[in-house]
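Here is a short report for a first look at this protein. Start with the picture, then read on.

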Amino acid sequence: MPMIDADGCLLNVSVEGRDGGPTLMLSNSLGCTLQMWEPQMKALTQVFRVIRYDRRGHGKSNVPPGPYTMERFGRDVLAILDDLNIEKVHWCGLSMGGMVGQWLGANAPERFGKLILANTSCYYAEPTRWLERIEAVKKGGIAAVADAVIAGWLTQDFREREPAITAKMKSMLLASPVEGYLACCEALSTLDQRALLPKIKSPTLVIAGRHDVATPISAAELIRSNIPGASMTIIDAAHISNVEQPHAFTDAVVGFLTQR
């Protein structure tokens, strides 16, 4: 896996899949590494060249001091594409990855074909939840919030049915560098990208989780209704829908990206 320099921050990047095929870039949720996409990789790499990466502050990427911003995250993506000499990609981002996708769709439209914005939001009316999480993590580390985060990521039914997958997701979360996690939470506490949405001209699919309390269907509908021509699909899952319903998620992604 190459390490790519984005203004002095080394980012861990993985490129796999079909040489010469269309390129798809995947972007993770807060507290996840590029490993969160494993349930999709077998199917996606048969159709696409797939780029995954660890966002700054996460996984094997560097953890520069905060604060971070959506623009900074977006420019990191453009640095990866420039380094790989890739002119244009499709985008699939979940949660925070969807927020970065909104910034990119509005600010670098020439670099993106189709956009998939999954389990995400464009705006938090009230920063309290993020400020409380920041305080809890500062005092007790990510372990202080891990159980509550996992309960939002995956439905109770799935957690009981799939304890091994649940444990793997929790381990990924707990391994997150605290400083990087906090800097990302600070970026989320001021999120307001409503004005960007009408500027997005790429064909866009919004994916929502029926049981997602972190970014509910109403948040997805706000995005869909403000991006010209966007469509929406609802998956029977909580927040990390690609893990909870991998086949339905993959089918939605491949179907949207391959339709004429």
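Which residues is Arg52 in contact with, leaving aside its neighbours within four places in sequence? They are Asn12, Val13, Ser14, Glu16, Leu26, Leu34, Gln35, Trp37, Glu38 and Met41. Contact means heavy atoms within 4.5 Å.

## About the model

This is a predicted model: local features need pLDDT of at least 70, side-chain atom pairs count only at pLDDT 80 or more, and totals for chains, interfaces and linings use all residues. Residues are numbered from 1 along each chain as its sequence is written, and side-chain values use heavy atoms, with hydrogens and water left out.

## Arg52

Arg52 sits in strand 4 (residues 49–53). Strands (E, at least two residues) and helices (H or I, at least four) are DSSP runs, numbered from the N terminus. Arg52 is buried, with a relative accessible area of 2%. Buried means under 20% relative accessible area, exposed over 50%, and partly exposed in between (1.4 Å probe, protein chains only).

The side chains of Arg52 and Glu16 are joined by a polar contact of 2.6 Å. Such a contact is a pair of N or O atoms within 3.5 Å; within protein, one must be able to donate a hydrogen and the other to accept it, and residues adjacent in sequence count only if both atoms are side-chain atoms.

Eight strands form an open sheet in the order 1-2-4-3-5-6-7-8, with mixed pairing. Strand 1 and strand 8 (231–235) are the edge strands, and each pairs on one side only. From one strand to the next, the twist averages 25°. Two strands pair if DSSP finds at least two bridges between them.

Strand 1 (residues 3–6) has Ile4 and Ala6 on its covered face, while Met3 and Asp5 are on the uncovered one. Strand 1 pairs with strand 2 (residues 9–17) in the antiparallel sense over four bridges. Ala6 has Cys9 in strand 2 as its bridge partner. The two strands form a hairpin with two residues between them, and Asp7 in the turn has a positive phi of about 50°. Elsewhere, strand 6 (residues 112–118) and strand 7 (residues 204–209) pair in the parallel sense over four bridges. There, Val206 in strand 7 is the bridge partner of Leu117.

## Helices on the sheet

Helix 1 (residues 38–47) lies across strand 2, strand 3 (23–27) and strand 4, and runs at about 155° to strand 4. Helix 3 (residues 96–107) packs on the sheet and touches strand 3, strand 5 (89–94) and strand 6. Its direction makes about 140° with that of strand 5. Axes are lines fitted to C-alpha atoms, for helices over the stretch in contact, and angles run from 0 to 180 degrees between N-to-C directions.

## Helix 9

Which residues of helix 9 (residues 217–226) are buried? They are Ala219, Ala220 and Ile223. They lie on the same side of helix 9 because they cover an arc of only 100° around the axis. Their cover includes helix 3, strand 6, strand 7 and strand 8.

Leu222 is also in helix 9. Leu222 is partly exposed, with a relative accessible area of 33%. Leaving aside neighbours within four places in sequence, Leu222 is in contact with Cys122 and Leu197. The arc is that of the directions from the helix axis to the C-beta atoms.
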